[in-house]
Amino acid sequence: MSTTSTPHINPNGAPIAKTVLMPGDPLRAKFIADTYLENVVQFNGVRNMLGFTGTYDGAEVSVMGSGMGIPSIGIYASELIKFYDVTQIIRVGSCGAMQRNVDLYDVIIGMSASTDSNFMSQYNLPGTWAPTASWKLMKVAIEEAEKQGAKYHVGNILSSDVFYNDDDSVNERWAKMGVLGVEMESAALYAIAARHGVDALGIFTASDNLITGERTTAEERQTAFTAMMEIALPLAKI
Ligand code: HPA
């Protein structure tokens, strides 16, 4: 039971689990709760950023929207960790693939997250800090991906502040550095988790390929989404 209330989360006595799955879209959070969890209660509705707690295979787990971009996930991840004792956050989302060998619907596990954001400047470090996923979560996610026969890639992703970039050539330069795909949240999530000594991981499906120009349809995205969720949900049992 959480009686704490923060500026962006008001559980009104509903529980928040130690593990939170975070899709970007709050309606996606509702879909995940309705589809995969049992004994579901809603713990947040502030700004329609829906959050739910339930059980998966007997393990308590929460799922909440993060919104789009680093400022948004920065707020929710910080409040969940600092005020609600959350110890594992797993982002589940889509990303734009940046390598030719990453096919549409492939799963990408974000081992590290480069960024064009200035978010890290708050830590006043005299250099470039490398946002890194939790090894504990990543190891189990890879085991699950293997078990399910998913087509997956593990490596560096880009968390960009800019969806509509004025510079047409920027993707190619990140791609040359081996970046697998672009999304907009994980570097901040990894930093906040590291700063508080907790675990975070981003798992993605490739919804489009920015190098080849291929795109998925809505129905196809649903299939890929299922593969990603089947890797993410067992992490609640760690
Ligand atoms: N950019 C950022 N985030 C994304 C993209 C993209 O092209 N595709 C899916 N998520």
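These legends walk you through close-up views of a ligand and its surroundings in a predicted model. Residues are numbered from 1 along each chain as its sequence is written, and side-chain values use heavy atoms, without hydrogens or water. Local features need pLDDT of at least 70 and side-chain atom pairs pLDDT 80 or more, while totals for chains, interfaces and linings use all residues.

**View 1. The shell around the ligand.** Ser94, Cys95, Gly96, Phe163, Val182, Glu183, Met184, Ser207, Asp208 and Leu210 surround the ligand, each with a heavy atom within 4 Å of it. Of the accessible area that the ligand has on its own, 260 Å², the protein covers 85% (Shrake-Rupley method, 1.4 Å probe).

View 2. Look for a ligand nitrogen 3.3 Å from a polar backbone atom of Gly96. A nitrogen of the ligand also lies 3.5 Å from an N or O atom in the Asp208 side chain.

View 3. Strand 5 (88-97), strand 8 (181-183) and strand 9 (199-209) each give at least two shell residues; strands here are DSSP runs (E, at least two residues), numbered from the N terminus. Strand 5 supplies the largest share, three residues.

**View 4. The annotated region.** UniProt, in an unreviewed entry, places "domain: Nucleoside phosphorylase" at residues 19-224; such annotations may be inferred rather than shown by experiment.

Note on methods
Polar contact = N/O pair within 3.5 Å; in protein donor to acceptor, adjacent residues only side chain to side chain. Helix = DSSP H or I, 4+ residues; strand = E, 2+ residues; numbered from the N terminus.
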